[in-house]
Amino acid sequence: MDDFEAFLNDGGIIEAGDDMPDEYRTAVFTFIEMHANSELMGGLTERDWIPKTPGLRHKMSVVAKTQDEIGHGHLLYMVAADMGVKTRTEMLEDLFAGQSRFHNVFHYQAETWGDQVAIAFLVDAAALASQQAVFKNCSYGPYRRILKRIISEEGFHMRLGEDRMMRIANGSQVQRDLFQGAIDRWFWPALQLFGPDSKPHDKLLRWHIKSERNEVLRDAWVQKFVPLLQSYGFSIPAPDLGFDDATQRWDVGPIDWEPLKATLAQGGPDSARRISEALHNWEQTAWVRDALDAPASPEMAASV
Amino acid sequence: MSTAQLISIDTIRAAVASVDDPEYPGLSIVDLGLVETCDVNERGEVTIELVPTFTGCPALNVIADDVTQAVAAVDGVTSTHVGWLLSPTWTTDRISDIGKAILAERFTVAVQIGPKASTCPRCGGPLTDESMFGPSRCRSVSRCNACVETIEVMRA
């Protein structure tokens, strides 16, 4: 392991077929599996909003995000499966059985269009910042290359999110109230997406999967979004919010991590429904997979 | 007329070429083959006609906004009209060699030209189709068994 860590510290990159310590393989696999699950669960949430989204402009952005997220999930499941720990089918079965993890934010329900705006603006920014920090120094080559493309596309989502936010923030009082309600519901889950403070010897940091500590990324998000939301006249749902004149930094006060812990055990407010909906979707789309896997009929084969 | 400033078409073309595809930062929409015509008249009115990779591409608004912004910043431009054409149809052979190189080297994305099978941008090995559905309409998913890599393929 010492040699392996020295190799990683020298900027060494591990490829799919390379030898690697089992601990590293398991840690990287679990990380990618959670990312893949989160893309799939996020894509399904986005899809739920296609018929409910107001206006063609936003509807197109929701369609685009749905396809992107499902596509990202697909790519990530392939990369994870190549690690030889679980097959894609096993990963999906574990997900639907509530036995593997996905991001906390997909354990809540998006109640209004305002929630969708808050997700696209606040949550997507948090997810993008986390992914950028992984991409920066990621020692596992196949994941790093997929992340490059995912990050480029998530950057596009950020623009769609900013477009949604600008429109609702510059809208009527009813729209602004809708968005304030969404901020109140989503501020803390978005902030908790970064996770609690990294442990002193976090192996994901040591093995160059993550490049930055959770609390550093979380603080950067706070410093950006607290003043930004306030500049548009929205309030932050943090009773102990303070601004330190000496450091010129915002402090959101103590963070209650119980809601995050609940989501990790599939006990979030909307976990059960989300997982059963995902399973239902998987079963309902079996015919598509069967059709794609079926050999071409003789007539079809002759026409190609 | 005497006050009108003549703008060279090359200046307009350069402004359009400065716009990147929103999902491929660093890849110009010119290299992607999206730009069909650029025109500017003596009154400084600019008309740009673009060809979408797919008519339902969700990035069309964003691309048109970016082009409008880039062209409007050119000295002497008085108005900008950006339109999307339904014909000709975009195909992958509209992607320039530079565009293909950027896709391969920076994004590990292969390009399928016509019915010819595409090769792995990493090792040049043959690609095996995995799914015709990728993260967008213009991409499918393949894999390279030689170097064990998941590869997105741009397709028409």
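Two strands count as paired if DSSP finds at least two bridges between them, and strands here are DSSP runs of type E with at least two residues, while helices are runs of H or I with at least four, numbered from the N terminus.

Before you click around: this is a predicted model, where local features need pLDDT of at least 70, side-chain atom pairs count only at pLDDT 80 or more, and totals for chains, interfaces and linings use all residues. Residues are numbered from 1 along each chain as its sequence is written, chains are lettered from A and ligands numbered from 1 in the order written, and side-chain values use heavy atoms, without hydrogens and water.

**Stop 1: a hairpin.** Select residues 20–21 and 24–28 of chain B. These are β1 and β2, antiparallel strands joined by two bridges. They make a hairpin with two residues between them. Which residue stands opposite Tyr24(B) of β2(B)? Look for Asp21(B).

**Stop 2: a nonpolar patch.** Pick Leu292(A), Met132(B) and Phe133(B), which together show about 300 Å² of accessible area on the surface (Shrake-Rupley method, 1.4 Å probe, only the protein chains shown count as cover). Patch members have over 30% relative accessible area and no salt bridge, with nonpolar side chains joined within 5 Å and like charges within 9 Å. Leu292(A) sits in helix α12, residues 286–293 of chain A.

**Stop 3: negative charge.** Now select Asp240(A), Asp244(A), Asp245(A) and Asp251(A), a negatively charged surface patch. Asp240(A) is in the loop between α9 (214–231) and β1 (242–244) of chain A.

Conventions
Salt bridge = Lys/Arg side-chain N within 4 Å of Asp/Glu carboxyl O. Lys, Arg positive; Asp, Glu negative; His and termini not counted. Charge placed at Lys NZ, Arg CZ, Asp CG, Glu CD.
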